[in-house]
Amino acid sequence: MMVIGGSDCLLNERRAWFARVVSDAPTRWVVSVDKEGAGDDPNVCADTYERTSLEAQRALDHVRAVRWLRRNLTLVEAPAVDVMATSAGGNAACALAGATEEVASVMLLSTGGGRPFDADMRALTENAGTIASHLDRVEQSPRIGETWLGNSNPEIWWWSALPLTCAPQMAGWRGPVLILQGSDDTSIPAESSRLLARQLEDHPGVTVDYRELPGAGHDRSSEPPANPTRAMA
């Protein structure tokens, strides 16, 4: 199983989330492809982190990783990799499924993806005015070395993710998709995940299981479920 974290550059948070995945995974191998330069300062993302955080680079890194796994783990059957992604990691998961024949199933935790990320952010009501004005500037001129409104992800990542949606990236892929989404998520609007579920239902060979957690926010609905690969059964 390959797990894909969100957009932030906080190393300890990434490790803690990965540890929770590993503790419940009934699978032999659990793999995470981390981005260089992660640290513990929520207001600073290192230069190396910015260079590896762009969505196109992140998707390519995961494609290379599954190819490495096939060679070095001598995986015989294809597809052989289950993918679980949280929050902004959904973009890389969708791109990975569409770009290789190695992905057996996809689990998306609070990822949205039914609308462009830009539209999702503009649909949020919390700090809507500040977010909208910041988006307008970032779309035109992202600043290297600056974080998004002081949070732990770089502006250049936001710029690369804003136009993306999930379903077109998964065109041609076949398999089961599990989508978990909190109804009260203030980071990713639930409507975006609902819309993605409807879009993927129209893809031949894709089976969709959409589960919405009443009253759950982003943190709760981004948590890995117990026995994650069994949840796909």
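The model is predicted: local features need pLDDT of at least 70, side-chain atom pairs count only at pLDDT 80 or more, and totals for chains, interfaces and linings use all residues. Residues are numbered from 1 along each chain as its sequence is written, and side-chain values use heavy atoms, without hydrogens and water.

Next, colour by secondary structure. The protein chain has nine helices and six strands (DSSP runs numbered from the N terminus: helices are H or I with at least four residues, strands E with at least two). Of the 233 residues, 48% are buried (under 20% relative accessible area, 1.4 Å probe, protein chains only).

Select residues 89–99, helix α4. Nine of its eleven residues are buried, so α4 is largely enclosed by the rest of the structure. Among them are Gly 89, Asn 91, Cys 94 and Leu 96. Now show what covers these buried residues: the cover includes β1 (2–4), α3 (55–72), β3 (81–86), β4 (103–109) and α7 (155–161).

Move to strand β5, residues 175–182, where seven of the eight residues are buried. β5 pairs with β4 in the parallel sense over four bridges (strands pair if DSSP finds at least two bridges between them). Pick Leu 108 and find its bridge partner in β5, Ile 179.

Then select β6, residues 206–213, which runs parallel to β5 and is joined to it by eight bridges. Gly 175 has Val 206 as its bridge partner in β6.

Notes
Buried means under 20% relative accessible area, exposed over 50%, partly exposed in between (1.4 Å probe, protein chains only). Contact means heavy atoms within 4.5 Å.
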